[in-house]
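Dear colleague,

Please find below the structure that I am handing over to you.

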Amino acid sequence: HGLFAPIRSLNQRLPKKRRMRVLCGDPPIDWTRVETRDDIAPFLGFRDEHYASVVRYDVLALRRKALLIMGSGHFQRREGKPGVIEQQMIQAFAKPYVILPGSDIVGTYDDLDARFDQQPAPSLIEIKSSWLAGLPRWQESPAIGYPATALKTKVGTWEQTADAYLYLGPRDKLTQGGDAFDLEGTPYGNDLRRRWKIIFPKPPEALPKSDGKEHPLFQRI
């Protein structure tokens with residue numbers, strides 16, 4: 001929702017030929033028929049494949065370009081090998097350019113690289129032509145720029161993980177808002193909470209609630 005509103009506002013001021021299209025990549029689940037997690041289980045294992053098919057047929061087949069947005073784990077390469085989405089883009093003769101966001105963390109929570117102090121934030125750095133290329137990629141980290149739970153297994157380098165790095169800022173200055181959103185109390189917001197209960201079974205009191213404040217993005221483990 002936070003992305004759609006500004007794009008809609010911008011499109012209203014642009015001529016039709018220059019307006020941006022927004023395509024949704026997740027499988028088209030009919031949530032009115034979903035009561036338990038078993039009802040969505042058939043879709044969960046094919047999220048990347050469906051996302052890639054949307055790009056292939058609704059973007060590339062129309063000779064258009066797109067900015068793809070999804071969690072870093074869906075795009076990052078493993079030891080230089082592309083994931084499902086990038087593989088399908090390559091098979092369609094497209095040349096993806098993978099950008100991953102993150103902070104000055106290069107290992108565990110306290111493993112910071114002082115060279116980031118010289119970088120403005122935010123800034124986009126091409127990995128191959130910079131000192132980032134040789135940084136080790138750890139299996140215990142969800143993505144580069146995020147804290148690893150341990151430094152046990154090295155699985156390639158940052159150069160083998162992405163084409164560029166979006167440096168958002170130092171660890172201690174990155175914050176995130178409350179987990180709730182401006183749809184609180186609306187029919188759509190209520191249905192989102194219902195979906196969360198199905199996907200992540202927890203008692204109602206444990207579901208995200210907003211306190212209207214910002215909190216550190218990275219919590220010490």
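**Cavity, cores and pockets**

The largest cavity has a volume of about 60 Å³. Please note that the model is a predicted one. A search of the whole structure finds one cavity of 30 Å³ or more. Among the residues lining the largest cavity are I105, V106, P136, R137, W138, Y146 and W158. By class, this lining comprises eight nonpolar, three polar and one charged residue.

W158 also belongs to the largest nonpolar core, which has 22 residues; F116, I127, L132, W158 and Y165 have the most contacts inside it. Two or more residues of this core come from each of α3 (47-58), α5 (84-91) and β5 (164-167), and α3 gives the largest share, three residues. Leaving aside neighbours within four places in sequence, L132 is in contact with F116, I125, I127, W158 and Y165. Another core, of five residues, lies apart from this one and includes I29, W31, I40 and I198.

Of its 27 lining residues, A66, L67, L68, Y97 and V98 are the closest to the centre. Here α4 (72-75), α5 and β1 (99-102) each supply at least two lining residues, and the lining comprises 21 nonpolar, one polar and five charged residues.

Yours sincerely

Notes
Residues are numbered from 1 along each chain as its sequence is written. This is a predicted model: local features need pLDDT of at least 70, side-chain atom pairs count only at pLDDT 80 or more; totals for chains, interfaces and linings use all residues. Side-chain values use heavy atoms; hydrogens and water are left out. On a 1 Å grid over the protein atoms alone, a cavity is a set of points where a 1.4 Å probe fits but cannot get out, and a pocket is an open set with protein on both sides within 12 Å along at least five of seven lines; lining residues have an atom within 4 Å of a point. Grid points are joined across faces, edges and corners, and a volume is the space filled by probe spheres set on the points. Ala, Val, Leu, Ile, Met, Phe, Trp, Tyr, Cys and Pro count as nonpolar, Asp, Glu, Lys and Arg as charged, and the others, Gly among them, as polar. A nonpolar core is a set of buried Ala, Val, Leu, Ile, Met, Phe, Trp, Tyr and Cys residues joined through side-chain atoms within 4.5 Å. Buried means under 20% relative accessible area, exposed over 50%, partly exposed in between (1.4 Å probe, protein chains only). Helices (H or I, at least four residues) and strands (E, at least two) are DSSP runs, numbered from the N terminus. Contact means heavy atoms within 4.5 Å.
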